[in-house]
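Q: Let's go through this one together, contacts and ligands included. Here's what I have open.

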Amino acid sequence: MARPSSHVNNSFFAAIFAVCLSSFLPVGHAQSISTNTPVPPLQWLNLTNLLHGSGPPPLKDASIGYDPDSRSLLIFGGESQGGFPQSQTYLLNLNTLIWSTPTPPDGLTNTPPPRSAAIGGSDFAASYRHGHVVIGGKDANGQPLSDVWEFDYVNHFWTQVGIPPGGPSRWSASGGIDVTVAFDPTGLPTPNNTFYLAGGVGTKGPAVVSDTWVMKITGTLSSNLANDVSASWTHQPIGSYPAVAGDGGTVIGQQVVAIGGCENTTSVTASCAQQGSWVFNFGRGSSIAPGPCAAPRIGPAVVANMNGRR
Ligand SMILES: *[C@@H]1O[C@H](CO)[C@@H](O)[C@H](O)[C@H]1NC(C)=O
Ligand SMILES: *[C@@H]1O[C@H](CO)[C@@H](O)[C@H](O)[C@H]1NC(C)=O
Ligand SMILES: *[C@@H]1O[C@H](CO)[C@@H](O)[C@H](O)[C@H]1NC(C)=O
């Protein structure tokens, strides 16, 4: 899932932008959507006055998840107004419109350390896992993290995912998972899901956006088997593109789309925003940098336009 934008206008334009860009993406068997694809009707509903309970304070670059079974929106971490990374988890039940914080089972109260600008997304694998995964991010010292955590939507606890060292340490990467892609039933010990990562800021500053990685996750997420989720990374660099920070992205099938950001700097401001966009196709090991589509921007919320799907 893409990092959030709390700015209505940014998200709105980013959605239009994604529609524009998605016309470059091969869908299914190399058929491209018409470049004249009309923007679907989009409407923002302001729920603020209808919400109850204690919601999150203002946060930047939190991790956002959604569980369609319980109709729960999840918000984890993010940077406070004072610039400090947080580690709180909030759930908004979209049936009742009530905010809550999770009450984990006894003994399962570990939470991920504070962070912002992580990537992640849903890990739904039959009855084996029903959770939200958080990958890396930026810690309280501004350093990139490499740990991986998963929140169980069923029993409301976090578990640290076991992962061998050597994977990427990044914040502000693009990537995540397309939940419409079926899990791999041949995974062992249980079905696998696949997450993708492109670029981001590492210990030596922004990595090239074409520094691309694949993470496979497996195991069982349940309160009686609380430490059973594991994952591993494969480094699969695709193409040769600039080092950027502050780009926004999404995952469509086996492709990561990254847009905008600033080149060669972690001081991401509107004045260095650029217009680049990149599409990494992990299935084919190929990449493209489509021509400029929308105006330069930093931190766009990028959303796939599923109207072009079969
Ligand atoms: C949404 O509603 C709240 C409460 O009335 C208001 O403060 C806020 O400005 C509204 N947001 C937008 C984008 O209109
Ligand atoms: C499933 O994920 C595990 C953990 O990352 C990995 O060891 C295994 O090779 C994966 N299996 C498949 C079929 O991709
Ligand atoms: C970023 O750095 C690369 C490698 O040093 C250089 O080729 C490129 O021109 C730089 N881009 C900008 C916008 O400064």
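**Buried charges and ligand shells**

Q: Is D147 buried or exposed?
A: D147 counts as buried, because its relative accessibility is 15% and buried means under 20% relative accessible area (exposed is over 50%, partly exposed in between; 1.4 Å probe, protein chains only).

Q: Before I go on, what am I looking at?
A: It's a predicted model, where local features need pLDDT of at least 70 and side-chain atom pairs count only at pLDDT 80 or more, while totals for chains, interfaces and linings use all residues. Residues are numbered from 1 along each chain as its sequence is written, chains are lettered from A and ligands numbered from 1 in the order in which they are written, and side-chain values use heavy atoms, leaving out hydrogens and water.

Q: OK, back to D147. What does D147 pair with?
A: With R115, in a salt bridge whose closest N and O atoms are 2.8 Å apart. (A salt bridge here is a side-chain nitrogen of Lys or Arg within 4 Å of a carboxyl oxygen of Asp or Glu.) R115 sits in the loop between strand 6 (98-100) and strand 7 (119-125) and D147 in strand 9 (residues 144-152), so the pair ties together parts that are 32 residues apart in sequence. Strands are DSSP E runs of at least two residues, numbered from the N terminus.

Q: And what about R115, buried or exposed?
A: R115 counts as buried too, at 1% relative accessibility.

Q: How many salt bridges are there in the structure?
A: Three. One of them joins the side chains of D123 and R129, at 2.5 Å from N to O, and both D123 and R129 are buried. There's also R170 with D211, where the closest N and O atoms are 2.7 Å apart. That pair links distant parts of the chain, 41 residues apart: R170 is in the loop between strand 10 (158-160) and strand 11 (174-176), and D211 in the loop between strand 14 (205-206) and strand 15.

Q: How accessible is R170?
A: R170 has a relative accessible area of 13%, so it is buried. D211 is buried as well, also with 13%.

Q: Switching to ligands. Which residues surround ligand 2?
A: D184, T186, N192, K216, T218, A231 and S232, going by a heavy atom within 4 Å. By class that's one nonpolar, four polar and two charged residues. (Ala, Val, Leu, Ile, Met, Phe, Trp, Tyr, Cys and Pro are nonpolar, Asp, Glu, Lys and Arg charged, the others, Gly among them, polar.)

Q: What lies 2.5 Å from an oxygen atom of ligand 2?
A: A polar side-chain atom of N192. S232 puts a polar side-chain atom 2.6 Å from a ligand 2 oxygen, and K216 has a backbone N or O atom 2.8 Å from one. The protein covers 63% of the 360 Å² of accessible area that ligand 2 has on its own, using Shrake-Rupley areas with a 1.4 Å probe.

Q: And what surrounds ligand 1?
A: N46, T48 and N49. A polar side-chain atom of N46 is 2.4 Å from a ligand 1 oxygen, and an N or O atom in the N49 side chain is 3.0 Å from one. Alone, ligand 1 exposes 360 Å², and the protein buries 35% of that.

Key. Polar contact = N/O pair within 3.5 Å; in protein donor to acceptor, adjacent residues only side chain to side chain. Helix = DSSP H or I, 4+ residues; strand = E, 2+ residues; numbered from the N terminus.
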